[in-house]
Every structure is written in C-alpha cells, then in structure tokens.
Amino acid sequence: MSTIAEELGARADLAVPALSSGPRVNLGCGPVMPKGWVNVDGSRRSWLVAHAARLDRLLVRLGLLRASAFQPGIIHHDLRKRLPWGDESIAAIYAGEVWEHFEYEDALRLTQECRRVLKKGGVLRLCVPDGVEFWEKYLSIFFEEHAREPGTRDVSRLRRHVQMYFDDICTRPAGLKSFGHFHKWQYDEIQLVDLFERCGFQGVTRKPFGVSRIPDIGALERSNFLIVEGVKP
C-alpha cells in the first residue's frame, strides 16, 4: 500500500513534463547496471573490467580476485574530473550512495557538471545516507542510557554506534580494504537541497523511495535513504 507522501509525490510528478529523449546516466553504478542506462563507475575494479577485461578474468581464475559484479560495457570515469558528455546532451542522471564519497567542494563541482550536461528539463536524482537519521539514533541511545541510574548504564551501546561511524563511515580502512570507498561528507535534507539550488536546479524536493520524474527509477534505485531530485531549468 502506498503512503500518503508517495501518493502526493506521484500526483506532483504528473504535472511535470515527461523526460526528453536522450541518454540516462547512472553515476557510481557499482553492481547495479540496468539496461537502457549509461553505467559509469570510478572504482579501480571498474577500470580493470573496462580496460583489461582479460586480465580481470585471469586474476579471478587464479583466485586473486573475486568475480566482478561489473559487466562488459561499464564506463570507467573519475568523477572528480569533467564529465565526458557535451553540454545539454543527457536526459537524466541518477547517483545512489555516491556524493558522500567526495569532499564537499568536489561534490559541488560534480553537481555543477551534472547541470552542464543535462538537457533543459533534465533531472538529477541523488540518494545519500541521511546524517539526521544516524545522529537521531545516537541521541536516542544516549537519552535512554542517561535516564538509567549511574552504574546500570550500558555504555557499550554508545560505543558501538560511535565505533561504526569511525570504522565504516568517516575513517579510511587500512590497506586495500576500502578501495578508496570511504565517506568524506555527511548530508542532511537542508544541505542537499541547498547544494542542488546553489548549482542552479529548480523544483528541488526530497522524494520518497521509487517516486520520481524518471519513469523507470525502480530499475536502479536500491536504498531508501535521503533522496533529493531537481530539474535543470
């Protein structure tokens, strides 16, 4: 059953003109590579699959690498650099759990690049972990334990939550464990909407999971985190 927010979002989208024809780009795709999308990733493994597929298969057979989720046709691109498309050539861009892996200034430049390559009326949709949700959970644990009598408090609950932040989110794991995939920024709705608007997007709103101006968003959206969408005027 759909929620009220989803129904309202769907009704609002009915008033928005359909996307123009043209490529739709899935930035930082990881293993999610739906047909009909230009799937782009900047990881080292995507480079290996895109540029040295035979070597990648050999390393897998030798047991030095696990089988890759990347498929032939993956485009490797460093998203800190200029996007490899011309001005106003792309109909829609989606990025799931990507923007938090960049320093804020790099994310700002990438958002500006997305606006450059999008056609007028083109849509940018981002999904990132919600900082508010993370810290609300921290405060919930804190106040629960603070309400207990000293000596009965379970401080390990707070330690586990904080440890998760430093182990899995903001601190780079040692050696090759991270493959460069550690978080460099934490967003909330206010920051992310502001980022879109600073880069010239209009109609910027937080969207429910699966509700989008992009018709087949269900083919690639996997996470129900903080989702924001905007339109190039």
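Predicted model: local features only at pLDDT ≥ 70, side-chain atom pairs only at ≥ 80, totals over all residues.
Residues are numbered from 1 along each chain as its sequence is written, and side-chain values use heavy atoms, with hydrogens and water left out.

Strands of a sheet pair through backbone hydrogen bonds, either parallel or antiparallel. In this structure, seven strands form an open sheet in the order 3-2-1-4-5-7-6, with mixed pairing. Strands (E, at least two residues) and helices (H or I, at least four residues) are DSSP runs, numbered from the N terminus, and two strands pair if DSSP finds at least two bridges between them. Strand 3 (75-76) and strand 6 (202-206) stand at the edges with a single partner strand each, so one side of each is left without a neighbour in the sheet.

Strand 1 takes part in two parallel pairings. With strand 2 (residues 38-41), strand 1 pairs in the parallel sense over three bridges, and the bridge partner of Val25 in strand 2 is Val38. With strand 4, strand 1 pairs in the parallel sense over four bridges. Here Asn26 stands opposite Tyr94 in strand 4, and Leu27 stands opposite Ala95 in strand 4. Strand 4 is also joined to strand 5 by six bridges, and these two strands run parallel; Ile90 stands opposite Leu118 in strand 5.

The side chains of strand 1 point in two directions: Arg24 and Asn26 go one way, Val25 and Leu27 the other, and all are buried. Buried means under 20% relative accessible area, exposed means over 50%, and partly exposed lies in between (1.4 Å probe, protein chains only). Strand 4 is mostly covered, as six of its seven residues are buried.

The largest nonpolar core comprises 32 residues, and those with the most contacts inside it are Leu27, Ile93, Trp99, Tyr187 and Leu192. A nonpolar core is a set of buried Ala, Val, Leu, Ile, Met, Phe, Trp, Tyr and Cys residues joined through side-chain atoms within 4.5 Å. Two or more residues of this core come from each of strand 1, strand 4, helix 4 (104-117), strand 5, helix 7 (189-198) and strand 7. Helix 4 gives the most, with six residues.

Side chains of opposite charge can pair when their charged atoms come close. The structure holds 15 salt bridges, each being a side-chain nitrogen of Lys or Arg within 4 Å of a carboxyl oxygen of Asp or Glu. One of them joins the side chains of Glu229 and Arg125 (2.7 Å, N to O). This pair links distant parts of the chain, with Glu229 in strand 7 (residues 226-231) and Arg125 in strand 5 (residues 118-128), 104 residues apart. Glu229 is buried, at 0% relative accessible area, and Arg125 is likewise buried, at 0%. Arg125 and Glu229 also belong to a network of salt bridges with Arg213 and Glu221.

Arg157 forms a salt bridge with Glu144, the closest N and O atoms being 2.9 Å apart. Since Arg157 lies in helix 6 (residues 155-169) and Glu144 in helix 5 (residues 131-146), the pair ties together parts that are 13 residues apart in sequence. Arg157 also meets Glu145 in a salt bridge (2.7 Å, N to O), a link between helix 6 and helix 5 across twelve residues. Glu144 is partly exposed, with a relative accessible area of 40%, whereas Glu145 is buried at 4%.

The second largest pocket has a volume of about 210 Å³. On a 1 Å grid over the protein atoms alone, a pocket is an open set of points with protein on both sides within 12 Å along at least five of seven lines, and lining residues have an atom within 4 Å of a point. Grid points are joined across faces, edges and corners, and the volume is the space filled by probe spheres set on the points. The lining consists of 16 residues, of which Gly28, Cys29, Val32, Gly96 and Glu97 lie nearest the centre of the pocket. Strand 1 (24-27) and strand 4 (90-96) are the elements that give two or more residues to this lining. By type, the lining divides into seven nonpolar, six polar and three charged residues; Ala, Val, Leu, Ile, Met, Phe, Trp, Tyr, Cys and Pro count as nonpolar, Asp, Glu, Lys and Arg as charged, and the others, Gly among them, as polar.

Notes:
1 Å grid on protein atoms, 1.4 Å probe; cavity = no way out; pocket = protein on both sides within 12 Å on 5 of 7 lines; lining within 4 Å.
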